[in-house]
Amino acid sequence: MALYDAIGQSYASTRRPDPRIVDSLLNLLSLPKAKVIAEIGAGTGSYSWALADRGYHLRAVEPSQVMRSQAGRNSRIQWFSGYAEQIPLATASVDAVISILAAHHFSNLNQAIQEMHRVAGAGPILLLTFEPRLGEKFWFADYFPGLWQDTFRVFPPLDDVIRLIQQTSRKSVEVSPLMLPPDLCDMFAAAGWRQPQVYLDPNIRAGMSCFQLANADAVDRGVGRLQKDLSSGRWQTKYGDIQALESFDPGYRFLSARICN
């Protein structure tokens, strides 16, 4: 929570919900409007707001008061202070549970999955996570090698997560890739894959937990090298081919767990 109390100051301005991710969430959940969805690790509530605007009722669970204070009021969203490992919701009280790029911050993933299954009951559980072992390595790793290597430590192998969900919930898990467009609204770590200049902006970096957890000197060195290479044209010469792509797969995956009929 201390991390998100720190990075949460400007989180709402850089981590806005991307409508294409919202569409993917709704397609995978396949729930009628007016159903109740719990978002675990809801942050400033950007995706809870987006789903509420589509006609759903949300139970947003977030431990950081700094994050919750930026959420604003929405009659379709009920906020709770709490952790994934002890969700403050009744058993089988919601129709589905989602967690968007938050599971790697849970202190006990096994317990968190148990809790999600408890509050969802027979309903689906939908996680968006990152798996660097499956994605395409991109130029970010050359400028911030320590941050890239940290992802292999922070994010467990996807097969382990799938196995954990299946064993805990007895639900089958479907894996769907999130192909990143070049103009994401939600500026998470790989969002600037085709816009290298975004990593020069300290406000954008402040909303990316990988930068906040990294060694500050290493970040400064990487930013300095990137800025120099962008100014000289070296980045364009070496990596410019990526700008011809309309989508990119660095390893983001939706995990959709549900009971098979």
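Helix α4 (residues 46–53) is mostly covered, with 6 of its 8 residues buried (buried: under 20% relative accessible area; exposed: over 50%; partly exposed: in between; 1.4 Å probe, protein chains only). Helices (H or I, at least four residues) and strands (E, at least two) are DSSP runs numbered from the N terminus. The structure is a predicted model, in which local features need pLDDT of at least 70 and side-chain atom pairs count only at pLDDT 80 or more, while totals for chains, interfaces and linings use all residues. Residues are numbered from 1 along each chain as its sequence is written, and side-chain values use heavy atoms, with hydrogens and water left out.

The buried residues of α4 are S46, Y47, S48, A50, L51 and A52. These residues pack against α3, β1 (36–40), β2 (57–61), β3 (77–80) and β4 (96–100), contact being defined as heavy atoms within 4.5 Å. Just after α4, G55 adopts a positive phi of about 105 degrees.

S46 is also one of the contacts of R15, which touches S46, L101, D186, M187, F188 and G207 when neighbours within four places in sequence are left aside. R15 is found in the loop between α2 (11–14) and α3 (19–29) and counts as buried because its relative accessibility is 10%. The side chain of R15 makes a polar contact of 2.4 Å with the side chain of D186 (a pair of N or O atoms within 3.5 Å; within protein, one must be able to donate a hydrogen and the other to accept it, and residues adjacent in sequence count only if both atoms are side-chain atoms). A polar atom of the R15 side chain also lies 3.1 Å from the backbone oxygen of G207.

The strands β3-β2-β1-β4-β5-β7-β6, in that order, form an open sheet of 7 strands with mixed pairing; two strands pair if DSSP finds at least two bridges between them. At the edges stand β3 and β6 (172–177), each with a single partner strand, so one side of each is left without a neighbour in the sheet. Neighbouring strands are turned by 20 degrees against each other on average, direction ignored. Axes are lines fitted to C-alpha atoms, for helices over the stretch in contact, and angles run from 0 to 180 degrees between N-to-C directions. Strands β5 and β7 (residues 252–258) run antiparallel and are joined by 6 bridges, and I125 stands opposite A257 in β7. Helix α3 packs on the sheet, touching β1, β4, β5, β6 and β7, and its direction makes about 25 degrees with that of β7. Helix α6 (residues 109–120) likewise packs on the sheet, where it touches β1, β4 and β5, at about 150 degrees to the direction of β5.

Aromatic rings of Phe, Tyr and Trp (its six-membered ring) pair if their centres lie within 6.5 Å, with planes under 30 degrees apart counted as stacked, over 60 as edge-to-face and the rest as tilted. By this rule the count comes to 20 aromatic pairs. Among them, F138 and W148 form an edge-to-face pair, 6.2 Å centre to centre with 85 degrees between the planes. F138 lies in the loop between β5 (125–130) and α7 (140–143) and W148 in helix α8 (residues 145–154), so the pair ties together parts that are 10 residues apart in sequence. Both F138 and W148 are buried.
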